[in-house]
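Please prepare a briefing on the predicted model shown below, with attention to its aromatic pairs, its nonpolar core and its loops.

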Amino acid sequence: MISIMVEQLSEKFICLINQNLGIAYKVTGIYFHDADERADGLQEMMYQLWKAFPTFDGRARFSTWMYRVCLNTALTYKRKSATWKSEPLSPNHYQIADNPPGNQEELIALLRNAIAHLSELNKAIVLLYLEEMSYDEIALVTGLTRSNVSVRLVRIKRELEMHVKQQI
């Protein structure tokens, strides 16, 4: 009987994760710059999601709950790994752009670079905002109030704009 319940839980978990897997990839893309770190972060997120899945009660949408678990996992993983890992140099660290970006990929790279300079919480807010979540949903995931999310987004947009202008 217990094995049937575990199997049903496993099937439900796998189905929901497959429907929302992009969330984990987006979070790892924002918080981890190295491919190995992204893979390790993704694995840790899946582990934490599986561990926490029995506590998912359905009061919030699964995607909202998954964002919360993934963001918390990414932040915890970054804090722990900061003590024993250093960031490897990449060509972006020592190359200076010659011309302003002219195509979409360069603009996206500029925005990613600007987002990388935000605080961990502000990165999470931007990610959720770009996912077109409502202020209430962002507040639920981050633990902030709706008005705090609104104020932070205004400040974040200004900060991103200034950073991108400096790069161009």
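Is Phe 13 buried or exposed, and what is its relative accessible area? Phe 13 is buried, with a relative accessible area of 9%, where buried means under 20% relative accessible area, exposed over 50% and partly exposed in between, computed with a 1.4 Å probe on protein chains only. This is a predicted model, in which local features need pLDDT of at least 70 and side-chain atom pairs count only at pLDDT 80 or more, while totals for chains, interfaces and linings use all residues. Residues are numbered from 1 along each chain as its sequence is written, and side-chain values use heavy atoms, with hydrogens and water left out.

**Aromatic pairs**

- Rings of Phe, Tyr and Trp (its six-membered ring) pair if their centres lie within 6.5 Å, and planes under 30 degrees apart count as stacked, over 60 as edge-to-face and the rest as tilted; by this rule the count comes to nine aromatic pairs.
- The rings of Phe 13 and Phe 53 have centres 5.2 Å apart and planes at 65°, so this pair is edge-to-face.
- Phe 13 belongs to helix 1 (residues 2-31) and Phe 53 to the loop between helix 2 (35-52) and helix 3 (62-82), so the pair ties together parts that are 40 residues apart in sequence; helices here are DSSP runs of H or I with at least four residues, numbered from the N terminus.
- Phe 53 is buried, with a relative accessible area of 4%, and it forms a further edge-to-face pair with Trp 65, at 6.3 Å centre to centre and 65° between the planes.
- Because Phe 53 lies in the loop between helix 2 and helix 3 and Trp 65 in helix 3, that pair ties together parts that are 12 residues apart in sequence.
- Phe 13, Trp 50, Phe 53, Phe 56, Phe 62 and Trp 65 form one aromatic cluster.

**Nonpolar core**

- A nonpolar core is a set of buried Ala, Val, Leu, Ile, Met, Phe, Trp, Tyr and Cys residues joined through side-chain atoms within 4.5 Å; the largest has 41 residues, of which Val 27, Tyr 31 and Met 66 touch the most other members.
- Helix 3 gives the largest share of this core, 10 residues.
- Val 27 touches Met 45, Tyr 67, Cys 70, Leu 71, Ala 74 and Leu 127, not counting residues up to four places away in sequence, with contact meaning heavy atoms within 4.5 Å.

**Loop and helix end**

- Glu 132 has a positive phi of about 60° although it is not a glycine, and it lies in the loop between helix 6 (120-130) and helix 7 (135-142).
- Glu 132 is exposed, with a relative accessible area of 73%.
- Helix 7 is followed by Gly 143, whose phi is positive, near 85°.

Methods
Helix = DSSP H or I, 4+ residues; strand = E, 2+ residues; numbered from the N terminus.
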